[in-house]
Amino acid sequence: MFGPVRVTAATPIGGYAEPRPALIAVAHGSRDPRSAATMSAVVADIAAARPDIDVRLAFLDLNAPSVEQVVNAVAAQGHTHAVVAPLLLGSAYHARVDLPGMLAAARTAHPQLVLTQADVLGPDPRLITTLRDRTLTALCPAAGDARPRQRLGVVVAAVGAASTAANARTSEVARQLAAMTGWLTEVCFATTEPSVTQAISRLRARGAEGVLVAPWFLAPGLLTDRLVAAAPEVVHAQVIGPDTALTEIVWDRYDTALSSALSLSA
């Protein structure tokens with residue numbers, strides 16, 4: 001449904017015109033079309049920030065193009081190196097097992113193409129700031145920088161994972177948000193406990209006068225709808241979506257991965 005986001009150019013390296021390593025931005029994928037549309041917009045912003053680099057969007061599952069299809073296209077374009085940046089907020093199974101497995105298969109199919117996996121987005125402070133801004137906008141749509149007058153409790157809602165360590169990183173997001181704002185925070189997960197209703201109850205027990213759900217999601221989809229359906233009585237902020245901070249972080253991950261790869265090959 002959505003074609004690849006692509007910008008192609010060459011830059012002089014050592015006196016020769018060689019393409020800079022491509023960026024393959026890998027999103028999770030969803031049966032909900034809003035998710036693919038949002039991630040397409042995210043990657044369009046990423047591509048626009050550095051028009052001299054070939055930027056493409058791939059999906060781990062449920063949407064096209066797949067990682068395999070995009071790697072094939074990048075190789076066919078003549079690239080010898082691509083940085084693969086997971087558009088994932090946590091380092092769980094998809095980032096640690098699924099994607100490395102896909103890239104291992106791709107390296108076998110394209111031995112001439114170096115594929116370097118970048119780090120996930122993680123609880124970067126810039127994204128915590130975006131989460132705060134989404135919360136403020138949901139509280140005061142006409143004035144996103146206004147501060148709530150009542151004691152606010154915020155449920156930071158994430159997907160949830162089988163990994164306890166991955167879920168603990170969502171707690172770190174909540175801690176950073178609380179430290180930044182002074183708000184009461186709790187976490188909940190769409191696929192495991194604590195549930196959103198449990199998190200809301202905990203906030204009220206801690207003295208929260210108003211409660212809002214802040215989704216730690218890049219895009220809307222079935223899981224964010226599930227959270228809204230489970231707690232329709234409270235305000236739900238918008239997902240992160242296209243954002244300047246997100247664009248900056250992805251390019252930081254690209255530069256760091258590329259520097260590490262060049263250091264190892266030197």
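**Exercise 1.** In this predicted model, which residues does Leu131 touch, not counting residues up to four places away in sequence?

*Solution.* Next, list the contacts. Leu131 touches Val156, Val173, Leu177, Ala214, Pro215 and Trp216. Take one of these partners, Val173. In sequence, Leu131 and Val173 are 42 residues apart; in space, their C-alpha atoms are 9.4 Å apart.

**Exercise 2.** Decide whether Leu131 is buried or exposed.

*Solution.* The cut-off for buried is under 20% relative accessible area. Leu131 has 1% relative accessibility, so Leu131 counts as buried.

**Exercise 3.** Work out the strand order of the open four-stranded sheet, and find which strands stand at the edges.

*Solution.* The order is β8-β7-β9-β10, and the pairing is parallel. Now check the ends. β8 (184-189) and β10 (235-236) each have a single partner strand, so one side of each is left without a neighbour in the sheet. Then look at the pair β7 (residues 152-158) and β9 (residues 210-215). These strands run parallel and are joined by six bridges. Val155 stands opposite Val213 in β9.

**Exercise 4.** Determine which way the side chains of β4 point, and whether they are buried or exposed.

*Solution.* Recall the general rule first. In a regular strand, side chains alternate between the two faces of the sheet. Apply this to β4, residues 55-59. Val55, Leu57 and Phe59 point one way. Arg56 and Ala58 point the other way. Both groups are buried, so the count is five of five residues. Then place the strand: β4 pairs with β3 (residues 22-27) in the parallel sense, over five bridges. Within this pairing, Ile24 has Arg56 as its bridge partner.

**Exercise 5.** Describe the largest pocket: how much space lies in it, and what lines it?

*Solution.* Take the volume first: about 970 Å³. The lining has 40 residues, and the closest to the pocket centre are His28, Leu88, Val159, Phe217 and Leu223. Sort the lining by type: 24 nonpolar, 14 polar and two charged. Sort by helix next. α1 (33-49), α3 (93-109), α5 (164-181) and α7 (222-230) each supply at least two lining residues. The largest share comes from α5, with five residues.

Methods: Residues are numbered from 1 along each chain as its sequence is written. This is a predicted model: local features need pLDDT of at least 70, side-chain atom pairs count only at pLDDT 80 or more; totals for chains, interfaces and linings use all residues. Side-chain values use heavy atoms; hydrogens and water are left out. Buried means under 20% relative accessible area, exposed over 50%, partly exposed in between (1.4 Å probe, protein chains only). Contact means heavy atoms within 4.5 Å. Two strands pair if DSSP finds at least two bridges between them. On a 1 Å grid over the protein atoms alone, a cavity is a set of points where a 1.4 Å probe fits but cannot get out, and a pocket is an open set with protein on both sides within 12 Å along at least five of seven lines; lining residues have an atom within 4 Å of a point. Grid points are joined across faces, edges and corners, and a volume is the space filled by probe spheres set on the points. Ala, Val, Leu, Ile, Met, Phe, Trp, Tyr, Cys and Pro count as nonpolar, Asp, Glu, Lys and Arg as charged, and the others, Gly among them, as polar.
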